[in-house]
Amino acid sequence: MDGQHQKQKNKYSIIVPTYNERLNIGLIVYLIFKHLREADFEIIIVDDGSPDGTQDVVKQLQQVYGEDRILLRARPRKLGLGTAYIHGMKHASGNFVVIMDADLSHHPKYLPAFISKQLETGADIVTGTRYVKGGGVHGWNLMRKLTSRGANVLAQTLLWPGVSDLTGSFRLYRKSVLEDIISCCVSKGYVFQMEMIVRASRKGYRIEEVPITFVDRVYGSSKLGGSEIVEYLKGLAYLLVTT
């Protein structure tokens, strides 16, 4: 069976967690539709009670693109990234799931490369990486670059997962694989991404990488702070002990 025929059979559920992304969500949706013209997909927006009117914008987008293509699955308040993916997956009708950020740091132009890589290799997971040739980061100061790079080097040294970018959150999963991994994960917030990929590696799932350039958010403020860094270090220690 050739890749093009298989591509037409697959359906991709794109889960986009949001909190105060009113200025970004319309553009990210437009770009997904622009770059995935040939794929069968749906966008599942999990909004955690944004006070800025994000949900109102999503409802307008539903009128343009259709409620079957854009699903708003809101929650009453901020409940964490991990549970947002679980919530979104309950409503996913695709056999593959894409997780990506709404703030334009994950450009939808890379989605065709994710899909092609999966079709070519039969991978269970395709993850975007900043740390191979062709990948990179744009818009970060030196301290944030060093923090991110250091976090990955530390995790590589202690956990040897065989993946170059552990903390990235732009990924394509086979849905059955995501369901299996997510049921084993206990972390919340940003540590969740690392735990997902480490546990996938330990379970023997095939993971492939696509180089991406991560661009710092265009509108809004970053949600990464000192408390997340502390949680990352605690999560690293937990995974070292339990995997």
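These questions and answers show how labels for a predicted model follow from computed values.

The model is predicted: local features need pLDDT of at least 70, side-chain atom pairs count only at pLDDT 80 or more, and totals for chains, interfaces and linings use all residues. Residues are numbered from 1 along each chain as its sequence is written, and side-chain values use heavy atoms, without hydrogens and water.

Q: Which residues make the contact of α4 with α7?
A: From α4 come G82, Y85, I86 and M89. From α7 come K175, L178, E179 and I182. Contact means heavy atoms within 4.5 Å.

Q: What makes α7 roughly perpendicular to α8?
A: The axes of α7 and helix α8 (residues 191-202) cross at roughly 110°. That value lies in the range 65 to 115, so the pair counts as roughly perpendicular. In this contact, L178, I181 and I182 of α7 meet F192, M196, R199 and A200 of α8.

Q: Why does C185 count as buried, and why does C184 count as partly exposed?
A: Buried means under 20% relative accessible area, exposed means over 50%, and partly exposed is in between (1.4 Å probe, protein chains only). C185 has 14% relative accessibility, so C185 is buried. C184 has 27%, so C184 is partly exposed.

Q: What makes H107 partly exposed?
A: The relative accessible area of H107 is 26%. This falls between 20% and 50%, so H107 is partly exposed.

Q: Where is H107 found, and what is H107 in contact with?
A: H107 is in the loop between β4 (96-99) and α5 (111-121). Leaving aside neighbours within four places in sequence, H107 is in contact with L31, H35 and F170. H107 and I212 are 105 residues apart in sequence, and their C-alpha atoms are 8.5 Å apart.

Terms used: Helices (H or I, at least four residues) and strands (E, at least two) are DSSP runs, numbered from the N terminus. Axes are lines fitted to C-alpha atoms, for helices over the stretch in contact, and angles run from 0 to 180 degrees between N-to-C directions. Angles under 35 degrees count as roughly parallel, over 145 as roughly antiparallel, 65 to 115 as roughly perpendicular and the rest as oblique.
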